[in-house]
Amino acid sequence: MRDPDQPDLDAHPELRRGWDRRQLLRSAAAGTALLALGGALYRIAADDLTRKARAEKRTDGRARLPPGQRVIEKLKDMGGDPGDGQAKSFRLRVHGHVKTPYELDYAQLLKLPQVEQTADVHCVTGWTVIGALFKGVQLATLAEKAGVKDGVRHVVLEAAHGYTANAPYAEAITPQNLVTYRMNGKPFALQHGAPVRGLIPDLYFWKSAKWLTGIKFVKDDEPGYWEVRGYHNHADPWKEERYA
Ligand SMILES: Nc1nc2c(c(=O)[nH]1)N[C@H]1C(S)=C(S)[C@@H](COP(=O)(O)O)O[C@H]1N2
Ligand SMILES: [Mo]
């Protein structure tokens with residue numbers, strides 16, 4: 001059917017250029033509106049997730065969403081100095097104040113007891129990703145295999161190019177803390193820590209070292225990369241322990 005606005009272009013061919021141009025502008029404007037709508041839909045979905053998470057409680061009684069956080073739909077790439085990302089060159093050194101230090105390659109890591117569990121992660125910049133499925137090995141399993149000695153109070157996650165993050169030993173060996181190589185069934189992209197990253201979900205996300213190379217158990221605390229740069233040593237999102 002003819003657009004009711006369209007002039008009779010057969011009778012008035014001189015109007016064609018103007019009309020075509022008007023159509024072009026119209027469709028461009030429609031495209032812009034669609035893009036804006038796409039962005040708006042994305043925001044509405046995230047706002048819904050935020051509202052829903054705010055209304056929920058965790059099984060430990062804490063609010064699902066820590067104060068000052070907003071839910072987004074996928075991890076943001078927060079940068080850092082990447083490792084080579086390759087499973088074949090991956091080595092994890094488990095050491096420190098332990099009876100039996102050891103090193104694992106990727107295949108050996110996969111031979112240890114594996115767990116798969118959902119977790120929420122909270123970035124200090126204010127975004128949260130909820131309900132992601134992570135697969136890996138519990139820090140507790142690695143600790144047990146090393147035979148952690150008396151007096152150990154802290155764990156240091158070590159990563160490529162000297163990045164480190166510290167956590168209290170007692171909080172690191174609870175079941176939700178992993179070295180992980182799958183998120184929602186997929187390997188981590190390089191920028192998200194491939195092939196293996198740490199996961200300490202109940203502390204701010206900078207504690208979850210990407211491009212993991214080692215786990216060190218220590219008696220005396222060793223504040224990590226961000227902890228010596230003004231960020232809180234403990235980093236509990238529910239207490240908003242963002243900065244020192
Ligand atoms: N090795 C390493 N791990 C790191 C970082 C880093 O710079 N280097 N950044 C941390 C910070 S500040 C955050 S918020 C998360 C971000 O992870 P993502 O980029 O996968 O979202 O990784 C953490 N792990
Ligand atoms: Mo961060």
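Visitor: Is histidine 95 buried or exposed, and how do I read that?

Guide: The general idea is to look at the relative accessible area, where buried means under 20%. In this predicted model, histidine 95 has a relative accessible area of 9%, so this residue is buried.

Visitor: Where does histidine 95 sit, and which side chain does it contact?

Guide: Histidine 95 belongs to strand β2, residues 91-96. Its side chain makes a polar contact of 2.8 Å with the side chain of glutamate 158.

Visitor: Let me step back to the whole chain. How many helices and strands are there?

Guide: The chain holds four helices and 10 strands. Reading from the N terminus, their order is α-β-β-β-α-β-β-α-β-β-α-β-β-β. As for burial, 42% of the 244 residues count as buried.

Visitor: Which backbone atoms come up against ligand 1, and at what distances?

Guide: For this we look for pairs of N or O atoms within 3.5 Å. A backbone N or O atom of lysine 76 is 2.4 Å from an oxygen atom of ligand 1. Methionine 78 has a polar backbone atom 2.9 Å from an oxygen atom of ligand 1. With serine 208, a backbone N or O atom lies 3.2 Å from a nitrogen atom of the ligand. Taken on its own, ligand 1 has 540 Å² of accessible area, and the protein covers 94% of it.

Visitor: What can be said about the space taken by ligand 1?

Guide: That space is the largest pocket.

Visitor: How do I see residues that are apart along the chain but can be compared in space? What about tryptophan 226 and alanine 165?

Guide: One way is to set the separation along the chain beside the C-alpha distance. Tryptophan 226 and alanine 165 are 61 residues apart along the chain, and their C-alpha atoms are separated by 7.5 Å. Tryptophan 226 lies in the segment after β10, which spans 212-218. With a relative accessible area of 32%, tryptophan 226 is partly exposed.

Visitor: What do the C-alpha atoms of proline 66 and glycine 126 show?

Guide: These two residues are 60 residues apart along the chain, with 9.5 Å between their C-alpha atoms. Proline 66 is placed in the loop between α1 (16-55) and β1 (70-71). Its relative accessible area is 2%, so proline 66 is buried.

Visitor: And how far apart in space are leucine 133 and threonine 118?

Guide: From C-alpha to C-alpha they are 4.2 Å apart, while 15 residues separate them in sequence. Leucine 133 is in strand β5, residues 127-138, and this leucine is partly exposed, with a relative accessible area of 30%.

Visitor: Next, the backbone angles. Which peptide bond is cis, with omega near 0°?

Guide: Omega describes the peptide bond, and here the bond from alanine 194 to proline 195 is cis, with omega near 0°. Proline 195 is in the loop between β8 (178-183) and β9 (197-199).

Visitor: What is the phi of asparagine 184, and where is this residue?

Guide: Phi is another backbone angle, and asparagine 184 has a positive value of about 50° although it is not a glycine. Asparagine 184 is in the loop between β8 and β9, and it is partly exposed, with a relative accessible area of 45%.

Visitor: And what is the phi of glutamate 240?

Guide: Glutamate 240 has a positive phi of about 50°, and it is not a glycine. This glutamate lies in the segment after β10. Its relative accessible area is 38%, so glutamate 240 is partly exposed.

Note on methods
Residues are numbered from 1 along each chain as its sequence is written. Chains are lettered from A and ligands numbered from 1 in the order in which they are written. This is a predicted model: local features need pLDDT of at least 70, side-chain atom pairs count only at pLDDT 80 or more; totals for chains, interfaces and linings use all residues. Side-chain values use heavy atoms; hydrogens and water are left out. A polar contact is a pair of N or O atoms within 3.5 Å; within protein, one must be able to donate a hydrogen and the other to accept it, and residues adjacent in sequence count only if both atoms are side-chain atoms. Accessible areas come from the Shrake-Rupley method with a 1.4 Å probe; for residues, only the protein chains shown count as cover. On a 1 Å grid over the protein atoms alone, a cavity is a set of points where a 1.4 Å probe fits but cannot get out, and a pocket is an open set with protein on both sides within 12 Å along at least five of seven lines; lining residues have an atom within 4 Å of a point. A molecule sits in a cavity or pocket if more than half of its atoms lie within 2 Å of its grid points. Helices (H or I, at least four residues) and strands (E, at least two) are DSSP runs, numbered from the N terminus. Buried means under 20% relative accessible area, exposed over 50%, partly exposed in between (1.4 Å probe, protein chains only).
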